[in-house]
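Thanks, everyone. I have one chain to show today, and I will keep it short. Please have a look at it first.

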Amino acid sequence: MVTANFAAIAGLSLIAVALVAVFFSPYRRWLGFMLAGMFFWGLLEVVRFGVQVTFEMPVTYSYLTALSLAM
């Protein structure tokens, strides 16, 4: 369990360092695209979970349904 916690801390630290590096670079406008993509994926997961619970579908079919609704 200690290894999993250390791996999570190390991974999150690397992500934070990368975000800070991009923020101070000339490519900081890419952070907006990244945040928009994360927001879209979060909404897609909400739709997928709602479809999966409501219609009792497998995960694969609920992803296909959510992607179809997004398009």
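This is a predicted model: local features need pLDDT of at least 70, side-chain atom pairs count only at pLDDT 80 or more; totals for chains, interfaces and linings use all residues.

The fold first. The chain has 3 helices and 0 strands, and from the N terminus the order is α-α-α. The radius of gyration is 17 Å, well over the 11 Å that the globule rule gives for 71 residues, so the chain is more spread out than a compact globule. In terms of extent, the C-alpha trace spans about 45 × 40 × 15 Å along its principal axes.

Now burial. Of the 71 residues in the chain, 10% are buried.

Arg 48 sits in helix H2, which covers residues 29–55. What does Arg 48 touch, leaving aside neighbours within four places in sequence? The contacts are Val 59, Ser 62, Tyr 63 and Ala 66.

Last, the surface. Leu 12, Ile 15, Leu 19, Met 34, Leu 35 and Met 38 make a nonpolar surface patch of about 570 Å². Helix H1, residues 2–23, and H2 are the elements that give two or more residues to this patch. Take Leu 12, one of the patch residues. Leu 12 belongs to helix H1, and with a relative accessible area of 58% it is exposed.

That is what I have; questions are welcome.

Methods:
Residues are numbered from 1 along each chain as its sequence is written. Side-chain values use heavy atoms; hydrogens and water are left out. Helices (H or I, at least four residues) and strands (E, at least two) are DSSP runs, numbered from the N terminus. The radius of gyration is taken over C-alpha atoms; the globule rule is 2.2 Å times the number of residues to the power 0.38. Buried means under 20% relative accessible area, exposed over 50%, partly exposed in between (1.4 Å probe, protein chains only). Contact means heavy atoms within 4.5 Å. Patches are made of residues with over 30% relative accessible area and no salt bridge: like charges are joined within 9 Å, nonpolar side chains (Val, Leu, Ile, Met, Phe, Trp, Tyr) within 5 Å. Accessible areas come from the Shrake-Rupley method with a 1.4 Å probe; for residues, only the protein chains shown count as cover. A salt bridge is a side-chain nitrogen of Lys or Arg within 4 Å of a carboxyl oxygen of Asp or Glu.
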